[in-house]
Amino acid sequence: IVMGGDGTILHVAVTLRDHPIPIIGVNFGGKGFLAGLEDDELDMLLEIADGQYTVSRRMMLDVELVRNERIICTQSVLNDVVIHGGHVDCIGVTAYGDGVPITRFNGDGIIVATPTGSTAYSMSAGGPLVEPAAQNIVLTPICAHDMQTRAIVTSADREITVQLARTGRKNAFLSVDGGKAVRLSSGDRITIRRSEHVTRLLRLTGRSFFEIIQNKFR
C-alpha cells in the first residue's frame, strides 16, 4: 500500500521490480493517475482485502546511457525516458528503431514512454493516450522545430536508440520517471528496450481506464 502521489508510486515500482508484489496507491498528491484509491476512500481497502480487485500488469522499460562505448548508467522505468535541452536549448535528436532511423528533428527534446506513461508528460506534449494493457513504445517530440514531426507508436519489441547531434555549448539532459537529470555529452547514446520486469497495479473491480481518464482530466 503506497500513500502519496504518482512520484511515490513510480519510485516504489522500480524498487519492487524484482518482486511480484502488487501495488495499490492511495492518492495524497495531485492527479494521482497511478493510484487506485483517493485519500477519502481508505475504507475501500477492505474490499481489496476481500479480493475485490483486478491486477493490471504494466510494461516497463530498461534504459542505458552509453558514452565512449562504456555504459554510464542503467535503470528501469514505468512512465518515461526524457531527453531534453533543459527547456532552454534547442537540441538535435535522432531516434532509431532497431538501427533504422525513425525520426530526426531539432527541438526541446524527445519523450520515450510506456502506455502507462502516455498519460503523463507525453500527453502534455501532444502524444496519444494509450490503453495501459497495450504493448507499445511511444515516441513524442517536445516542441519540434519542424512542421512534419509527429508522435510515433512502435511495437514494444522495438529497441529504441536516441542519439544527440553535437551539443557544443548547449545543455542536454536525461531524465527517467521524473528523477534527477543526468547531463549528456556529444556522442552519447541512449538505448531503450522493453524490460523483462513488469509493475503490478491493483484496481478495484469495475473501474476502467476510460472512466479514470474522464474523472482525472475532465
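**Aromatic cluster, nonpolar cores and pockets**

Phe33, Phe209 and Phe210 form one aromatic cluster in this predicted model. Two aromatic pairs are counted in total. Phe209 counts as buried because its relative accessibility is 13%, and the limit for a buried residue is under 20%.

In soluble globular proteins, nonpolar side chains tend to be buried together. The largest nonpolar core in the model comprises 25 residues, and those with the most contacts inside it are Val81, Ile83, Val162 and Ile190. At least two residues of this core come from each of β4 (53–67), β6 (80–84), β7 (91–97), β9 (109–113), β10 (136–142), β12 (160–164), β13 (173–176) and β15 (189–204). Strand β4 gives the most to this core, namely four residues. Beyond its neighbours within four places in sequence, Ile190 is in contact with Val63, Glu64, Leu65, Ile83, Ile160, Thr161, Val162, Leu174 and Leu184. Another core lies apart from the largest one and has 10 residues, among them Ile9, Leu10, Ala13 and Leu34.

Pockets were also examined. The largest pocket holds about 310 Å³ of space. Its lining consists of 20 residues, and Leu10, Asn79, Asp80, Ala120 and Tyr121 lie nearest the centre. Helix α1 (6–15), strand β6 and helix α3 (121–124) each supply at least two residues of this lining. By residue class, the lining of the largest pocket divides into eight nonpolar, eight polar and four charged residues.

The second largest pocket contains about 230 Å³ of space. It is lined by 16 residues, of which Ser56, Arg58, Arg207, Ser208 and Phe209 are the closest to its centre. Two or more lining residues come from each of β4, β15 and α4 (209–217). Strand β4 gives the most to this lining, with four residues. Seven nonpolar, four polar and five charged residues make up the lining of the second largest pocket.

How values were computed:
Residues are numbered from 1 along each chain as its sequence is written. This is a predicted model: local features need pLDDT of at least 70, side-chain atom pairs count only at pLDDT 80 or more; totals for chains, interfaces and linings use all residues. Side-chain values use heavy atoms; hydrogens and water are left out. A nonpolar core is a set of buried Ala, Val, Leu, Ile, Met, Phe, Trp, Tyr and Cys residues joined through side-chain atoms within 4.5 Å. Buried means under 20% relative accessible area, exposed over 50%, partly exposed in between (1.4 Å probe, protein chains only). Contact means heavy atoms within 4.5 Å. On a 1 Å grid over the protein atoms alone, a cavity is a set of points where a 1.4 Å probe fits but cannot get out, and a pocket is an open set with protein on both sides within 12 Å along at least five of seven lines; lining residues have an atom within 4 Å of a point. Grid points are joined across faces, edges and corners, and a volume is the space filled by probe spheres set on the points. Ala, Val, Leu, Ile, Met, Phe, Trp, Tyr, Cys and Pro count as nonpolar, Asp, Glu, Lys and Arg as charged, and the others, Gly among them, as polar. Rings of Phe, Tyr and Trp (its six-membered ring) pair if their centres lie within 6.5 Å; planes under 30 degrees apart count as stacked, over 60 as edge-to-face and the rest as tilted.
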